[in-house]
Amino acid sequence: MTGRPGFTPHPPLTWLYAPGDRPDVVQKALASGADAVIVDLEDAVAADRREYARSATAELLASPLPTPVHVRISGEGDIASLVGLPGLAGLRLPKVTHASDIHRVAAVAPDTPLYALLESALGIENAHAVATAHPLVRGVALGEADLRAELGVGDDAGLDWPRGRVVVAARAAGLPAPVQSVHPDVRDLEGLAASCAHGRSLGFLGRSAIHPRQLPVIERAYLPTAREVESAAEIVEAAAGNAGAQALPDGRFVDAAIVAAAHRTLFLAARG
């Protein structure tokens with residue numbers, strides 16, 4: 001364990017991607033109500049547009065911004081252009097496979113929070129080593145499109161094992177619960193809601209989006225229900241002043257781990 005905090009009172013739940021070569025779309029993302037915006041300089045940008053995307057992103061980040069802005073980089077040139085800018089909240093590193101990938105970036109991006117995207121079988125195998133590679137690592141997540149292609153997985157259930165592996169690696173490293181990968185069909189809000197519910201059951205917290213219409217669905221799925229909040233409040237109240245395990249009047253057994261989970265639920269409810 002690194003001792004890094006595993007949760008915060010008001011964790012971000014919605015992360016909205018926007019292509020770096022479309023400053024107008026980036027501005028709309030910043031006004032969308034997303035908890036954080038990810039400016040994409042990699043897959044969302046054609047190779048011949050990446051220099052422009054980098055320049056436009058550097059201009060955006062030259063001043064502090066009201067919404068945290070992370071950048072998914074496409075290469076080391078992006079790092080040199082963006083590190084140290086006041087509007088940069090973090091770098092998202094695609095296709096990480098080894099701890100050495102983190103060390104290489106950390107050496108040229110001191111004091112910049114790093115988020116590793118695991119998009120290959122090798123990356124999944126090395127998930128814990130990546131998560132613990134450096135104190136600047138603040139999160140790990142899956143890149144499911146590339147992983148699905150490499151594994152030859154057609155059914156969504158085929159990704160449950162790597163999803164669980166990443167959740168366990170993050171928590172074992174003392175990192176926050178990972179954010180779910182994007183749901184690619186922006187019109188399928190019912191499917192998005194069902195997928196978020198499944199992701200939540202696996203231990204994810206929040207989700208990346210590619211369209212603002214997905215944000216309310218993600219937030220609703222990851223905020224505690226009224227019943228969950230009520231139950232958590234009952235547990236916290238019953239545990240006040242009691243150091244050991246106990247049984248509630250309705251028969252539920254409560255110990256320190258259950259009380260901690262109840263506190264997390266109330267923290268998350270306060271965010272909503």
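Modeller: First, a term. A crossing is left-handed if the near helix is turned anticlockwise from the far one by less than a right angle, and right-handed if clockwise. Keep in mind that this is a predicted model.

Colleague: In which hand does helix 9 pass helix 10?

Modeller: Helix 9 covers residues 189–202 and helix 10 covers residues 215–222. Their axes lie 9 Å apart, at an angle of about 35°. The crossing of helix 9 past helix 10 is right-handed.

Colleague: How do the residues of the contact of helix 9 with helix 10 divide into nonpolar, polar and charged?

Modeller: Helix 9 brings Leu 189, Leu 192, Ala 193, Cys 196, Gly 199 and Arg 200. Helix 10 answers with Val 217, Ile 218, Ala 221 and Tyr 222. The division is eight nonpolar, one polar and one charged.

Colleague: Is helix 1 oblique or parallel to helix 2?

Modeller: Helix 1 spans residues 23–30, and helix 2 spans residues 50–60. The axes are 11 Å apart and the packing angle is about 40°. Angles under 35 degrees would count as roughly parallel. The angle here therefore makes helix 1, relative to helix 2, oblique.

Colleague: How many residues in the contact of helix 1 with helix 2 are nonpolar?

Modeller: The crossing of these two, helix 1 and helix 2, is right-handed. Pro 23, Val 26, Gln 27 and Leu 30 of helix 1 touch Tyr 52, Ala 56 and Leu 60 of helix 2. One contact residue is polar and no residue is charged, while the nonpolar ones number six.

Colleague: What is the angle between helix 11 and helix 12, and is helix 11 oblique or antiparallel to helix 12?

Modeller: Helix 11 (226–239) and helix 12 (256–271) have axes 8 Å apart and an angle of about 130°. Roughly antiparallel would need over 145 degrees. So helix 11 is, to helix 12, oblique.

Colleague: What is the class make-up of the contact of helix 11 with helix 12?

Modeller: Helix 11 passes helix 12 in a left-handed crossing. Among the residues that meet are Ala 232, Val 236 and Ala 239 of helix 11, and Ile 258, His 263 and Leu 266 of helix 12. By class, the contact has one charged, two polar and eleven nonpolar residues.

Colleague: Which element gives the most to the lining of the second largest pocket?

Modeller: That pocket has a volume of about 530 Å³. Of its 29 lining residues, the closest to the centre include Gly 143, Glu 144 and Ser 181. Strand 1, strand 6, helix 7 and strand 7 each give two or more residues. With four residues, the top contributor is helix 7.

Technical notes:
Residues are numbered from 1 along each chain as its sequence is written. This is a predicted model: local features need pLDDT of at least 70, side-chain atom pairs count only at pLDDT 80 or more; totals for chains, interfaces and linings use all residues. Side-chain values use heavy atoms; hydrogens and water are left out. Axes are lines fitted to C-alpha atoms, for helices over the stretch in contact, and angles run from 0 to 180 degrees between N-to-C directions. Angles under 35 degrees count as roughly parallel, over 145 as roughly antiparallel, 65 to 115 as roughly perpendicular and the rest as oblique. Contact means heavy atoms within 4.5 Å. Ala, Val, Leu, Ile, Met, Phe, Trp, Tyr, Cys and Pro count as nonpolar, Asp, Glu, Lys and Arg as charged, and the others, Gly among them, as polar. On a 1 Å grid over the protein atoms alone, a cavity is a set of points where a 1.4 Å probe fits but cannot get out, and a pocket is an open set with protein on both sides within 12 Å along at least five of seven lines; lining residues have an atom within 4 Å of a point. Grid points are joined across faces, edges and corners, and a volume is the space filled by probe spheres set on the points.
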